[in-house]
Amino acid sequence: EVLRELYLEPQGLTLTETARALGISRTSLSLLVNGHVRLSVDMALRLAQAFRTPPELWLNLQHQRDVWQAHRHPARPSVRPLTGRKAAPAASRGRPA
């Protein structure tokens with residue numbers, strides 16, 4: 001949706017011409033735009049080059065969508081919190097308090 005609403009439509013770009021510019025098929029772009037496939041790193045790099053954006057923009061958008069979908073469909077097994085024997089988490093070892 002973001003690709004279509006913020007990039008394609010405002011610039012008057014069609015799926016066909018955008019797909020050609022990206023070097024992919026129209027079907028592949030349509031699947032991406034309609035949320036039927038995930039964005040790959042390769043596609044993030046292509047979009048970044050085509051729209052002069054950082055590839056991280058596209059990857060972050062995909063990540064946000066993934067998290068949103070995971071929360072929407074919580075079909076995960078029950079997970080219990082872990083409690084370690086040490087007071088500080090491993091990430092803070094060696095850092096001043």
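1. Three helices, namely helix 1 (2–8), helix 3 (26–33) and helix 5 (55–72), each contribute at least two residues to the lining of the largest pocket. Helix 5 contributes the most, four residues. Helices here are DSSP runs of H or I with at least four residues, numbered from the N terminus. The model is predicted: local features need pLDDT of at least 70, side-chain atom pairs count only at pLDDT 80 or more, and totals for chains, interfaces and linings use all residues. Residues are numbered from 1 along each chain as its sequence is written, and side-chain values use heavy atoms, without hydrogens and water.

2. The largest pocket holds about 400 Å³ of space. Its lining has 14 residues, of which Glu1, Val2, Leu3, Leu32 and Arg65 are the closest to the centre. A pocket is an open set of points on a 1 Å grid over the protein atoms alone, where a 1.4 Å probe fits, with protein on both sides within 12 Å along at least five of seven lines; lining residues have an atom within 4 Å of a point. Grid points are joined across faces, edges and corners, and the volume is the space filled by probe spheres set on the points.

3. Thr53 sits in the loop between helix 4 (41–51) and helix 5. Thr53 counts as buried because its relative accessible area is 15%, the cut-off being under 20% with a 1.4 Å probe and protein chains only. Beyond neighbours within four places in sequence, Thr53 contacts Tyr7, Leu47, Ala48 and Trp58 (heavy atoms within 4.5 Å).

4. Overall, the protein has five helices and zero strands. Of its 97 residues, 22% count as buried.

Terms used
Buried < 20%, exposed > 50% of the residue type's maximum accessible area, 1.4 Å probe, protein only.
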